[in-house]
Structure formats: C-alpha cells, structure tokens
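The report below goes through a protein model by local backbone geometry, ligand shell, helix packing and core.

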Amino acid sequence: MRSERLQAVRAQDEIGIERFNEGGQLASEAMIEREIAAEDPRRGCSERSRKRVLIAGGGVAGLETLLALRALAPDRVEITILAPELKFINRSMSVSQPFNPQRVRGLRLEDTAGELGAHWHRGTLDRFDHGRHRAVTRDGDELPYDMLVLALGAHPEHEWESEGVLTFHGGADGPNYRLLLQRLREDRVRTVAFVKPGGASWPLPLYDLALMTAAWCATRDRAEVELSLITPEEEPLGIFGKTASAAVRQLLDKNDVALYTSSYGVPGRDGRIDITPGNRRMWVDRVVTQPRLVGPRLRGIPCDHDGFMHTDLHGRLAGFDGVFAAGDATTFPIKQGGLAAQQADAVAEAIAASVGVELDPQPFHPILRGVLLTGGPERYLRADLSGGAGDDSTISGEALWWPPDKLAGRYLAPYLSSQVGDAADVMPQEEHPIPVEATPDLSALSTQPRSHENDRGQRASRT
Ligand SMILES: Cc1cc2nc3c(=O)[nH]c(=O)nc-3n(C[C@H](O)[C@H](O)[C@H](O)COP(=O)(O)OP(=O)(O)OC[C@H]3O[C@@H](n4cnc5c(N)ncnc54)[C@H](O)[C@@H]3O)c2cc1C
C-alpha cells in the first residue's frame, strides 16, 4: 500500500515538478511526506481537506499574511507564495545605507516558505481565472487556489528624470546617494532640495534623508550647505497628527532644513525648481526625491484611477468570493509597511475564520507607527488613524512598540528580528513579541536635540 502510494506520488510529482518545481520548492520527498501524513488519521486535518491559499507577492503584506496564517490556522491551510524575486529585502532601512554602508541581509523566500511549511513559486501573476480558481503567471503556469491574497505592492514611478535629480527608491540608490555625500564633502555641491512629489508616496524616506544629511554635514564642518524640504503636505508628516508633526517641524528647524509646506516643487533645467502655488522659484545643485506610487492595475480587477484595488475592512475584493488584497496595492491612501502588515493581519484573520478557526476576525484598524532617523537618536511616531482615539499623536525618543523597528508588523517584525538580528538580540524573553505598545518615559517626549545632536542655529521655516 505504502509503495503504491509512493509510486503514485512520484508520478504525480513528476508532473508537479514541471508545474511547481521551477522554483525548486516541491521536492519529491517533501511531497511523499505530505501525502503519507495526509493519510494519518491522528492528524486533525488532512492535507487534501486543507484550503489552498495562494499569496501573490513576497513583500511586507505577503510575508505577514503567511506568518499570521501559520500562527492562526497552522493545520487548516496549505500556502503557496508567488513572487518574482528571490529575496525579501527590508527597504525601510535602506535610507541609512549611504551613511553607514553594510551588507544587506535579505530573506531567501524559498527558505522562508520552506521553514514555515509553505510552497514557493517564482513567477509574476498575470491574471486569475476565478471561475476555475486558477492564477496564471506571465510564464503561463497555472496555480490552483481556494483563496487568493493579492499583496502586489505599488509600482514606483519616477516623476522627474533629469541630471541632478536623484530618485531614492531603496538600496540600489545607496551608491548614488553616497556620491552626493562625497560631493557635499568636497564642496562641489552646496544646495540640496528634498522634493516630495504629489500623489501617493511613502511618508518617511525624504525626512529620514534630509535629517541624516543635515547631521552628516554638521559633523563634517559643512555648515554652509543649504538644505530644504519641499512638500505638498500641509504640515510635515502631518499624518502622524499635530503633536508629532509640530515636533518634526521643530527638528527640521533645529537642523537648519528650510521647510516649504503646501508646496509642489517641480525640478526644471539647470537646477531650477518652480514652486507652486505662489509662483516661487529657487536654484539648487541637487534634487533628491522619491517615486510617486501607482497601483498594480491587475487585469479584470476593478481599481481606482491610479490602479489601486478597492477592498472592505477585512481585505475582501467585492465580487470575488475568496479573493483578498492587502498593502500598498490597495486604495488605502497611506502607503506604509506597518499599515500593509496590519491589513495583512485582517486578511489572515478573515481567512482563518472562514476555515473554521474560532476567532472573531478583526477589521483593519490603522495605527501608524514610524521611526524617524535623524542622524542622532531616532524619534518614534505613532498615531491612531481610525479617529476613535481622538488626537493621540505621539512622538518619543524611546521605543513605543517592540521590536522597535522601522517596519512594525505584528508577526513580521519579530520574525525579521529573529532572522536578521537587530532587536531579537535584546528582545525581552518573557514578553509577547507581538508589537508591544510601550509607555514612553514622559521626560523622553522632549523633541529637543540631545547634546551630541546637531544644532546649527535657527532658520525660519517657510510655509
Ligand atoms: C526607501 C524606503 C523607505 C521606507 N521606509 C519605511 C518605514 O520606515 N516604515 C514603513 O513601515 N514602511 C516604509 N517603507 C514602505 C514599505 O516598504 C512599503 O509600504 C511596504 O513594502 C509595502 O508592502 P507591500 O507588501 O504592500 O508591498 P511590497 O513590500 O512592495 O511587496 C510587493 C510584492 O509583490 C510582488 N509583486 C509585484 N507584482 C507582482 C505580480 N504581478 N505577481 C507576483 N508578485 C508580484 C513584488 O515583487 C513584491 O514581492 C519604505 C519604503 C522605501 C522604498
């Protein structure tokens, strides 16, 4: 009986190898193991009765969904991750790379999937045939699913392509930014404007870069360098609420970064920047900006005019039973890793409940957490975006959650810490590693720079 089964499985696996194993994820032995285990009556849920969950996207929302489902419904779902890249890289830390170059350790998706008992398929989702419950990749592979999670992220578009404009998008732009620092050091660049584009964009990177560059210049006697930050936001990082935003304004001011709010900067030729409204103009040596984000615009899926997908608060796509979306790819207006993870948690809970796990699936309740890098002590910013908590805007020099990482995901942050180091080294042993809200020491709420922080005198911020 057992040998018949093995033969049958091997035959099946040979077919499977062609279809599934391009990414190397379905080894014969593993498949045999699973088939045999599926027959074991002692197991609560047989392999074949498990629901197949296909997660398209191996970024923040995709991995958080995988980890959350593993925690919530370990025996009830069979998960496959579909993603075009080999590794997950935490881009939130890429802003510190130019100042402190170090080897970036990513997670190999194949290993992570294997470790968590999931399959990995390398490929790009092209479309899905919901009638047949099949996802189709650009290479023509068909992957079956019972439930599909679209965690496809946003597409970064370069707003301005010209010499003198550096669009910072992640680790690959680190060397160019490093070159900019070298030019600043050599006095070949004296003025830099950080220009936030209109439309959707990641909230923090330009602020991180502006403040770290200011601190970097101060410690190298380059006080004559002029830095400015031009943003369409009414207040700097206004999404974090009044208290945090006021402190960020103060921080920019103390670090001599001239601030232009409610302003659209448009870089032109020869270093010119036109600022609207108001018909203002300035000249700079370099512009640093970030991409404008657009949605994945998946074929056959209703989306808004920028290509982002509409979902309900549990991440469900209207009209497609069993199809969910989470993260930057959705219409939620703030694109951020922590929020992407929270959306993924809501999706995972909805899926877990649908496969019989006894839990009350909680809707997405957005809490924004951000770590602002300053070149000195970090600032932890937090705001409840649901509105229910009133203005609870908080900024602190001490961690407000645990692990105290830039990427705050309930399951992903502790997992990344355990895999790549960082906070895992100092994680409290007895504590639950799920983002623990810590009560800040009120004396640490001061936003005044500490003694070793840069203080280059005041320059009026311009709004
Ligand atoms: C420089 C920088 C700094 C940042 N700083 C912070 C920060 O401090 N804090 C914070 O919380 N966030 C930060 N972010 C934002 C954060 O990285 C994103 O919000 C987050 O990655 C969004 O998660 P996501 O899963 O929606 O998308 P992503 O993480 O972009 O993942 C999308 C995944 O989908 C895959 N994919 C795309 N199309 C397809 C397809 N057709 N088929 C299959 N797979 C597909 C991609 O390859 C990728 O694996 C920063 C981003 C950058 C670039």
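## Backbone exceptions in loops

N279 counts as exposed, because 7 C-beta neighbours lie inside 10 Å, where exposed means 12 or fewer other C-beta atoms within 10 Å of the residue's own, buried means 20 or more, and partly exposed lies in between, with C-beta atoms placed from the backbone. This is a predicted model, in which local features need pLDDT of at least 70 and side-chain atom pairs count only at pLDDT 80 or more, while totals for chains, interfaces and linings use all residues. Residues are numbered from 1 along each chain as its sequence is written. N279 sits in the loop between β16 and β17, and its phi is near 55 degrees, a positive value in a residue other than glycine. Helices (H or I, at least four residues) and strands (E, at least two) are DSSP runs numbered from the N terminus.

D187, placed in the loop between α5 (174-185) and β12 (191-195), likewise has a positive phi, near 65 degrees, and is exposed, with 10 other C-beta atoms within 10 Å. A further cis peptide bond joins W402 to P403, with omega near -5 degrees. Most residues other than glycine have a negative phi, and most peptide bonds are trans.

## The shell around the ligand

The ligand is surrounded by 37 residues, the closest being G57, G59, G153, G327 and G337; a residue belongs here if its C-beta atom, placed from the backbone, lies within 6 Å of the molecule. At least two residues of this shell come from each of α3 (60-72), β2 (77-83) and α8 (337-354).

## Packing of α3 and α8

The axes of α3 and α8 come within 8 Å and cross at roughly 40 degrees, the axes being lines fitted to C-alpha atoms over the stretch in contact and the angles running from 0 to 180 degrees between N-to-C directions. Residues making the contact include V60, L69 and L72 of α3 and G337, A340 and I351 of α8, contact meaning C-beta atoms, placed from the backbone, within 7 Å.

## The nonpolar core

The largest nonpolar core has 115 residues, and A56, L69, V149 and L150 have the most contacts inside it; such a core is a set of buried Ala, Val, Leu, Ile, Met, Phe, Trp, Tyr and Cys residues joined through C-beta atoms within 7 Å. Its largest share, 10 residues, comes from α8.

Key:
Two residues are in contact if their C-beta atoms, placed from the backbone, lie within 7 Å.
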